[in-house]
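Visitor: I'd like to learn how to read packing in a model like this one. Could you take me through it step by step?

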Amino acid sequence: MDLLTRPQLSTASSSRERALTQTHAGAIKSNLQDSAMTIDAPNYKGIAKGLAAVVLFSLTVPMTKIALTGFSPEAIAAVRVLLAGVFSLFLIGKLSSRVPTLKETGGLLVAGLGICVGFPYGISLALQQTSAVEMGVALSALPLLTAILAIFVSKERHNIGFWISAFAGFALLSHYFSNGLSVDLPASLLLTLASASFGYAIGGHVAKTLGGWQTICWMMILYLPVSGLIFGYYAMEGFSWNLEAGLALIYLALISQWLGFHFWYDGMAQAGIGRISQLQLLQPFLTLVFAALLLGETLEFSQLGYVLLIAAAVFGALKFR
């Protein structure tokens with residue numbers, strides 16, 4: 001009886017193993033299909049977060065102009081990271097976020113060179129030497145450059161429709177800002193452009209595993225000691241600051257440097273670095289609106305045509321995978 005039962009048990013066990021294997025393989029296949037759909041289809045939640053970030057970022061140029069009336073470019077760069085770092089420490093401790101892995105930490109340090117050092121200092125220095133129009137000429141290449149870097153950093157792939165839309169948006173924005181203008185771009189503008197694009201692409205890649213707000217918080221924490229030392233050095237020399245400059249600097253630290261990147265990196269993690277970067281083609285026009293409200297600059301009706309054309313290019317980049 002025992003000899004007859006043993007083969008039957010063995011056969012039943014093998015059948016169960018085969019069934020479990022097939023079920024597990026089916027689950028993996030289903031997950032892969034779901035992942036592919038998530039990558040290919042437009043992620044509207046991620047796009048909404050990216051748009052929120054662009055609105056917050058669009059005040060960076062006018063706020064930096066105001067902050068420069070009371071602070072040096074070095075002080076602005078240091079305070080931006082210092083205040084954001086202090087708030088990041090509090091948030092990380094409050095929410096008990098996991099510590100980044102060694103690989104993620106390396107990405108945060110590299111991205112931080114752009115987001116915490118190069119960009120805050122570069123844009124402050126550039127706006128001492130150039131106008132907002134010249135800034136627009138340089139930054140018009142930022143979305144396209146970020147999408148190109150995402151190919152190498154995050155292995156993102158897009159079809160020809162995406163690249164046509166991205167190049168069209170870049171060409172339209174460049175034409176708008178450089179039309180009838182002879183611009184000699186200083187090194188500080190090129191530093192700003194390179195720093196932002198690398199910081200966006202590498203930070204967006206880290207955010208895919210670490211999360212959006214965790215990425216910007218840990219980045220600020222890693223650069224908190226450096227910013228504290230730089231701030232201490234310039235604080236000893238004293239600041240000729242005023243209330244408007246102080247409030248503008250607080251906005252740059254807590255909104256441009258911190259909250260805006262929470263939405264930006266979240267959007268990139270959910271909808272893709274290349275796609276979300278194209279939303280920034282709309283940022284210069286939002287900046288013009290805020291500059292008109294805050295600085296009294298004049299808006300022209302002809303700008304509406306450019307806005308509509310560039311919006312169409314952005315829509316195409318978001319639609320194509």
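Predicted model: local features only at pLDDT ≥ 70, side-chain atom pairs only at ≥ 80, totals over all residues.

Visitor: Which residues is Ser 97 in contact with, leaving aside neighbours within four places in sequence?

Guide: Contact means heavy atoms within 4.5 Å. By that rule Ser 97 touches Ile 92, Trp 213, Gln 214 and Trp 218. Ser 97 and Trp 213 are 116 residues apart along the chain, with their C-alpha atoms separated by 10.0 Å.

Visitor: What about helix pairs? At what angle do α5 and α10 pack?

Guide: Two packed helices are described by the angle between their axes and the distance between the axes. The axes are lines fitted to C-alpha atoms, for helices over the stretch in contact, and angles run from 0 to 180 degrees between N-to-C directions. For α5 (residues 102-129) and α10 (residues 212-222), the angle is about 75° and the axes are 9 Å apart. That makes α5 roughly perpendicular to α10; the label covers 65 to 115 degrees, with under 35 roughly parallel, over 145 roughly antiparallel and the rest oblique.

Guide: Among the residues that meet there are Leu 108, Ala 111 and Ile 115 in α5, and Trp 218 and Met 219 in α10. The contact has 10 nonpolar, three polar and no charged residues. Ala, Val, Leu, Ile, Met, Phe, Trp, Tyr, Cys and Pro count as nonpolar, Asp, Glu, Lys and Arg as charged, and the others, Gly among them, as polar.

Visitor: And how do α3 and α5 pack?

Guide: Helix α3 (residues 60-67) and α5 meet at about 70°, with axes 10 Å apart, and are therefore roughly perpendicular. Thr 60, Val 61, Thr 64 and Lys 65 of α3 touch Ile 123, Ser 124 and Leu 127 of α5. Seven of the eight residues of α3 are buried.

Visitor: How many aromatic pairs are there?

Guide: Rings of Phe, Tyr and Trp (its six-membered ring) pair if their centres lie within 6.5 Å; planes under 30 degrees apart are stacked, over 60 edge-to-face and the rest tilted. The whole structure has seven such pairs. The rings of Phe 57 and Trp 264 have centres 5.7 Å apart and planes at 70°, so this pair is edge-to-face. Phe 57 lies in α2 (residues 44-57) and Trp 264 in α12 (residues 243-271), so the pair ties together parts 207 residues apart in sequence. Phe 57 is buried at 4%, and Trp 264 is buried at 0%.

Key:
Residues numbered from 1 in each chain as written. Heavy atoms only, no water. Helix = DSSP H or I, 4+ residues; strand = E, 2+ residues; numbered from the N terminus. Buried < 20%, exposed > 50% of the residue type's maximum accessible area, 1.4 Å probe, protein only.
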